[in-house]
Amino acid sequence: MSLRSYRRFFTVVRQFLPLALTYARDRRRFLLFGPSRSVTAAQRRDRADKLLQSLLTLGPTFIKLGQLLSTRPDVLPPEYVAEFTKLQDRVPPAEWDEARGVLNEELGPIDERFSDFDTEAISGASLGQVYYAEVEGDPVAVKVRRPGVEDLVEADLRVVRWLLPVVLYFVDDARSFSLETLADEFTTTIREEMDYRREARMLTEIRSNFTDDDRIKIPPVVESHSTGRVLTMEYVEGTKITDVEELDRQGIDRTRLAETLERAYFQMIVEDGVYHADPHPGNLAVQADGTLVFYDFGMSGRVDSFIQNKIIDFYMAVAEQDIDAILDALIEMGTLSPEADRQVMAEVLELAIADARGEDIEQYRVQQIIQRVEDTIYEFPLRLPANLALVLRVATVVEGVCVTLDPDFDFIDVATDFLREEGYLEESAREFVRDRVTEVSDAGRSAVRIPPKLETTLDRIDRDDFYVRADIEDSDNLLDVLAARLIMGLVATGGLVSTAVLYSFSTLQATLLAALVTAVVLFGLYRSFREPKSIRAKPQFTRQQMRQRDSEENSAMPSIGADEPIDEQTQMPEEDRWT
């Protein structure tokens, strides 16, 4: 295992070294010195595409890493996040003899356990592959973990841990925290996804939450034929949810289907606290009677009650277009730092809502709001909690599928109806009244206390016994920078005077030494003004810059490859739904 890890280490370094050198040159034009380079959005998109190709080349672990990175706008710029959303978990299946070995070890002889077994895989993914079979005449889908993938994943996880300190050296403290939590999250996520017992438990729990809903179909697990490396489920056919033409041919109401999908995810996230976390079109299908089918619960998660309440607050604030309430909800969830510039963030959200409105002023889409916030998360930068990143990503993907089904679909309107029907709106109204009553009570008590305190303060002023203490907040250490510049300026001035005096009255060697010291100090002073964190006005996130970004993003959107363009909403092959 250790030898394999070393081999993988050199393979990974060889793949990433050109991009690493490019990034180092962005920070220092000549690697070790020189000013930083300006990088355009088009250049970042090109580099993101190259990085994506490297992830595909490195195989299963790094494909999964790229998929996880696509949910973390606090770690990567938006161009990389957008590119990584195109990653699809699709690779050719392993040879049948290898898969048969896993089945024999886990279940026993195939002929004895299955009445029929098709040795041609339905689909192949990075961690597993799916076969069609029959158990006592009933059709089933058998998901088999890819042979040898455990050793490969463990070796790659070691490589990621070895490389992490090197990466952390080149990033700031806030992003270092995000990368460390991301590494822990990735290790946990990929091991959970390889554990088919966990997937079976999550699938069964989510399925039980929809037992009374005939609009939702989740294939049950065949317990007698499932282990940690093999998962057998009922085989359920259906039309891919984004195959609009076929859905129309079958006479399915696409608007109602989109509403069913959104309500299902709201129930999972807001009410049940356990949810299917991979809602791309390959994992969603529709039966002839309009029933919505969910596949593949390898990626699934849980939401605690605090986050559930804050998600409700967020959607309520969006529905009411209350910018301050939106910011408060994001801060309480940990998505935004309390120290973030609220004015700038408010402008971003106002523009996002304005851009997202259709002809009807009440219609807007939450995906664009979240996308704007995600973009600014990287630029500030801020921290995004791991337990919330996946929820945000699920919301945007679900909204995209709903809009594919119905271009006029109003995501917020359906969300508001759901919250109202479940009684959350009434509860929020009661909380609002209680909060106002508390505020009035506090104001009354304050009105009684203020006059005595004011009289005491005036007495102290009259006795010349009144002092004011001011604490200056300097999170960027700008005062230290200013002090260093003043000191270097004084030293440089003294050095210039000393050089002139020595030139007139002393030896040439002493003059050159003084001139050299003065030159070094002057160069340091010059560099302090060239540093990105120098004392200067920071450009605001203006409306013009927003429009310029949109125009740049629309001007060039490269695909994964000319031979096989991948689009998460429309290009996912139907057989991927089982992987």
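Colleague: Hi! What should I know before looking?

Modeller: The model is predicted, so to speak of local features we need pLDDT of at least 70, and side-chain atom pairs count only at pLDDT 80 or more, while totals for chains, interfaces and linings use all residues. Residues are numbered from 1 along each chain as its sequence is written, and side-chain values use heavy atoms, leaving out hydrogens and water.

Colleague: Which residues of α5 are buried?

Modeller: They are W96, A99, V102, L103 and L107. Buried means under 20% relative accessible area and exposed means over 50%, with partly exposed in between (1.4 Å probe, protein chains only). Helices (H or I, at least four residues) and strands (E, at least two) are DSSP runs, numbered from the N terminus.

Colleague: And which exposed residues sit on the face turned away from that buried side?

Modeller: D97 and E105.

Colleague: What do the buried residues of α5 pack against?

Modeller: Their partners are α6 (110-113), β1 (116-117), β3 (128-135), β4 (138-145) and β6 (230-234), where contact means heavy atoms within 4.5 Å.

Colleague: What comes just after α5?

Modeller: G108, with a positive phi of about 100 degrees.

Colleague: Switching to the open sheet, what is its strand order?

Modeller: Its four strands run β5-β10-β9-β7, with mixed pairing. Two strands pair if DSSP finds at least two bridges between them. The edge strands, β5 (216-217) and β7 (239-240), each pair on one side only.

Colleague: How many bridges join β9 to β10?

Modeller: Three, and these strands run antiparallel. A285 stands opposite V293 in β10.
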